[in-house]
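Here's a quick, friendly tour of the structure below. Have a look at it first, then read on.

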Amino acid sequence: CTGLLLVLAACCSLAQSGTEKNATPASPADQPDAGNLRAFVELARSDLKTQKALIIAENLPMTEEEAAEFWPLHRNYEAELSKVNDQKLALIVRYAHNYQAMNDKEAAELAKGSFDLEEKRTDLKRKYFKKFQKVMPATKAARFFQLENQINLALDLQVAAALPLIK
């Protein structure tokens with residue numbers, strides 16, 4: 001989680017460095033290496049997934065049979081969620097590069113992209129709630145999504161706090 005925030009902060013400061021008054025434009029050498037950035041994001045995500053799994057295991061009591069069916073489904077859910085999060089990261093990076101000189105067209109595109117991603121995340125939750133209900137009672141599936149929502153809200157708040165407002 002902290003790693004992703006560092007990535008966001010780096011993106012914002014690099015985007016900002018070439019747009020400040022009297023600043024020299026950022027040179028290609030100042031730009032983050034895309035491969036390194038991607039590796040760093042993957043490392044941070046791996047750590048986050050491990051932490052989330054621990055929180056879920058500690059707060060979602062399951063029988064052995066439920067756990068044996070739940071965890072493979074959960075891995076599939078996390079894989080699909082990662083694809084949505086990849087799109088979210090791309091949107092955030094795009095925002096970070098444009099927030100200081102945002103025009104109405106770009107703002108509308110970014111807002112639409114953000115709303116679309118929220119919808120994708122909600123659709124994914126609906127899809128997996130149905131799947132989780134097949135391997136555990138609805139109360140446990142709902143509890144999982146309570147935990148998931150709490151974790152995601154905390155992460156979203158940290159990301160939002162790290163991003164500067166449009167100039």
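Glu 106 counts as buried, at 16% relative accessibility; buried means under 20% relative accessible area, exposed over 50%, and partly exposed in between (1.4 Å probe, protein chains only). Keep in mind that this is a predicted model, where local features need pLDDT of at least 70, side-chain atom pairs count only at pLDDT 80 or more, and totals for chains, interfaces and linings use all residues. Residues are numbered from 1 along each chain as its sequence is written, and side-chain values use heavy atoms, leaving out hydrogens and water.

How many salt bridges does a search of the whole structure find? It turns up 11, a salt bridge being a side-chain nitrogen of Lys or Arg within 4 Å of a carboxyl oxygen of Asp or Glu. Here are some of them:

| Pair | N to O distance |
|---|---|
| Glu 106 and Arg 94 | 2.7 Å |
| Asp 156 and Arg 121 | 2.5 Å |
| Arg 126 and Asp 123 | 3.6 Å |

Arg 121 is buried, with a relative accessible area of 17%, while Asp 156 is partly exposed at 22%. Arg 126 counts as exposed at 53%, and Asp 123 as partly exposed at 40%. Through shared partners, salt bridges tie Arg 94, Lys 105, Glu 106 and Glu 109 into one network.
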